[in-house]
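Open the model in your viewer and keep the selection tool ready. Each stop names what to select and what is there.

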Amino acid sequence: MAHNWNTSKRKSRLPANWRHLRKQVLERDVTCRICGVRPSTVADHILPMTDDHRLEALQGVCDPCHRQKTAREAAAARAAGPRPSRKRPSEAHPGLVDG
C-alpha cells in the first residue's frame, strides 16, 4: 500500500491551529531552508516523525526538497528497523532423538 498524505494518520495528530502555524512558517521562511533557491511551500518538521509543532521545530521547504527529505527519512527508518520476517526459524526434526 502506498503511503502518502491521503493514507497517513499524521494529519489527525496536527494541532487545531496547524493552518496558522503553517502560514507563520512559510512567511518566516520565504525561501526553501534546504536548497535556498525555490520558494517554500511546505511546513516541514525538522526532526522526522515528531509531533513537535513549535515554530522553532518547523522549517519552510519547497516540495521537491520535502519529497527528497521524506524519502531519505523513510529509507533510514526501514534500514534501522526492518520488518520481522514471516519465515519461521528452522527447528530440529521431531523424529530425531537427542543425544
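**Stop one: the cysteines**

Select Cys32. Cys32 is buried, at 3% relative accessibility (buried is under 20% relative accessible area, exposed over 50%, partly exposed in between; 1.4 Å probe, protein chains only). This is a predicted model: local features need pLDDT of at least 70, side-chain atom pairs count only at pLDDT 80 or more, and totals for chains, interfaces and linings use all residues. Residues are numbered from 1 along each chain as its sequence is written, and side-chain values use heavy atoms, leaving out hydrogens and water.

A disulfide needs two cysteine sulfur atoms within 2.5 Å. Next, pick Cys35. Cys35 is in no disulfide either; its nearest cysteine sulfur belongs to Cys32, 3.8 Å away. Cys35 is partly exposed, with a relative accessible area of 28%. Across the whole structure, the search finds zero disulfides.

**Stop two: His53**

Move to the loop between strand E1 (42-45) and strand E2 (58-61), where His53 lies (strands are DSSP E runs of at least two residues, helices H or I runs of at least four, numbered from the N terminus). Is His53 buried or exposed? His53 is buried, at 16% relative accessible area. Show side chains: His53 makes a side-chain polar contact with His45 at 3.0 Å. Residues that His53 touches include Arg13, Leu14, Trp18 and Leu58.

**Stop three: Leu14**

Select Leu14, in the segment before helix H1 (18-28). Leu14 is buried, with a relative accessible area of 16%. Finish with Asp51: Leu14 and Asp51 are 37 residues apart in sequence, and 7.6 Å apart C-alpha to C-alpha.

Definitions and conventions:
Polar contact = N/O pair within 3.5 Å; in protein donor to acceptor, adjacent residues only side chain to side chain. Contact = heavy atoms within 4.5 Å. Lists of a residue's contacts leave out its neighbours within four places in sequence.
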